[in-house]
Amino acid sequence: MIRSYIKKIEFHVPEKIITNDDLAKKMDTSDEWITSRTGIEERRICHCNFSDMALVASRHALAAAGLEPGELDLILLGCLTPDSHCPNTASIIADALGARNAAAIDINSACTGFLYGLHIGTNLIRTGAHKKVLVIGGEFISHYMNWAKRDVAVLFGDACGAVVIEATNEETGLLTASIGCESDAKYAIQITNLGSSYSRMTDDFLYVDWNFEGQEVFKRAVKAMAQACENVLEKQNLSVSDIKLVVPHQANKRILDALAKRIGLDENQVFVNVHKYGNTSAGTIPVALTEALEESKIHPGDYLLMASFGAGLTWGAG
């Protein structure tokens, strides 16, 4: 049976750090208010195009995998903050890399973008349709931020990660995944005034704002991720005790703690780096996976569990 494995994974974050104390100088908040509610202490802010971050992460991943860009036959980009919608940003990245033989697809499922991309790429390799795939997940979410809205502005940061996946005959890589969407709650996370459903004839056409229903998101996120985790464990005939490390979407610490409690995880089974980067949407899981490797929290033969949720409200686990 053809399977797919993650050959290499790398990430890139901007150098500029914005701390909670920095935000407190611009809005009615404090380090204590933010950390007690979210666990976030600082975040990174990008000052270039999103594709520039993606290129750094992608080039590092390809170099570590020993691959030339021309060997790729598919690029999947999980991102809701692309450089442009036309052309799609995956094609911008493909051109800059010199990946002349790769199809290029943008995936906008918000924070689940990387996990969705990994699921799609893995299954395309399993069918034999593709052999070497670059999966990217990341955001330039600060570009769309309303810094006057404390409940949203303190949560997010910018980052990007990339993985190279290839065909293998070994039982490794993404063994199974469960993805879905609670579309009845689609407006619980919404970037408004962006898209063709908004009129171009109004004076505030270029004004982008957010709708973020925190309690609804919290409730739905914990329930959906927990159910998705149970689904994939059951598919693989595994229990929570078999899992060496859970690498969840880093939305905020309260959600991570609630997820761990709901599915019966010990605190040391859950990887957390939300305090350093905030919620980087589609970038959180690849960044966390890379850091878990660097910190020797992952070893050969370990079972890992990933879980994510995002606007839509999309959800998934693997």
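This note walks through a few local features of the structure above, point by point.

1. **Basis.** The model is predicted, so local features were taken only at pLDDT of at least 70 and side-chain atom pairs only at pLDDT 80 or more, while totals for chains, interfaces and linings use all residues. Residues are numbered from 1 along each chain as its sequence is written, and side-chain values use heavy atoms, with hydrogens and water left out.

2. **The α3/α4 pair.** Let us start with two helices. The axes of α3 (residues 50-65) and α4 (residues 89-97) come within 10 Å and cross at roughly 50°. Helices here are DSSP runs of H or I with at least four residues, strands are runs of E with at least two, and both are numbered from the N terminus. Axes are lines fitted to C-alpha atoms, for helices over the stretch in contact, with angles from 0 to 180 degrees between N-to-C directions. The two helices are therefore oblique to each other; that word covers what is left after roughly parallel (under 35 degrees), roughly antiparallel (over 145) and roughly perpendicular (65 to 115). The crossing of α3 past α4 is right-handed, that is, the near helix is turned clockwise from the far one by less than a right angle.

3. **What makes that contact.** On the α3 side you will find Phe 50, Ser 51, Ala 54, Leu 55, Ser 58, Arg 59 and Leu 62, and on the α4 side Thr 89, Ile 92, Ile 93, Ala 96 and Leu 97. Contact means heavy atoms within 4.5 Å. By class, the residues are eight nonpolar, three polar and one charged. Nonpolar takes in Ala, Val, Leu, Ile, Met, Phe, Trp, Tyr, Cys and Pro; charged is Asp, Glu, Lys and Arg; the others, Gly among them, are polar.

4. **The largest core.** The largest nonpolar core has 51 residues, and Phe 156, Trp 210, Ile 263, Leu 265, Leu 305 and Phe 309 have the most contacts inside it. Such a core is a set of buried Ala, Val, Leu, Ile, Met, Phe, Trp, Tyr and Cys residues joined through side-chain atoms within 4.5 Å. Buried means under 20% relative accessible area, exposed over 50%, and partly exposed in between (1.4 Å probe, protein chains only). Helix α7 gives the most, with 10 residues. Leaving aside neighbours within four places in sequence, Leu 265 is in contact with Val 240, Val 246, Ala 260 and Val 270.

5. **A second core.** A separate core of 26 residues includes Cys 46, Ala 57, Ala 90 and Ala 94.

6. **Cis peptides.** Please look at two bonds. Cys 86 and Pro 87 are joined by a cis peptide bond with omega about 5°, and Pro 87 lies in the loop between β4 (74-78) and α4. The bond from Gly 312 to Leu 313 is also cis, with omega near -10°; Leu 313 sits in the loop between β12 and β13.

7. **Positive phi.** Asn 237, in the loop between α7 and β11, has phi near 60°, positive although the residue is not glycine. Its relative accessibility is 71%, so Asn 237 counts as exposed. Ser 296 also has phi near 60°; this residue is in the loop between α10 (284-294) and β12 and, at 48% relative accessibility, counts as partly exposed.

8. **Glu 171.** This residue is in the loop between β7 (159-168) and β8 (178-181) and is exposed at 56% relative accessibility. Glu 171 and Met 1 are 170 residues apart in sequence and 8.9 Å apart in space, C-alpha to C-alpha. Not counting residues up to four places away in sequence, Glu 171 touches Arg 3 and Gln 236.
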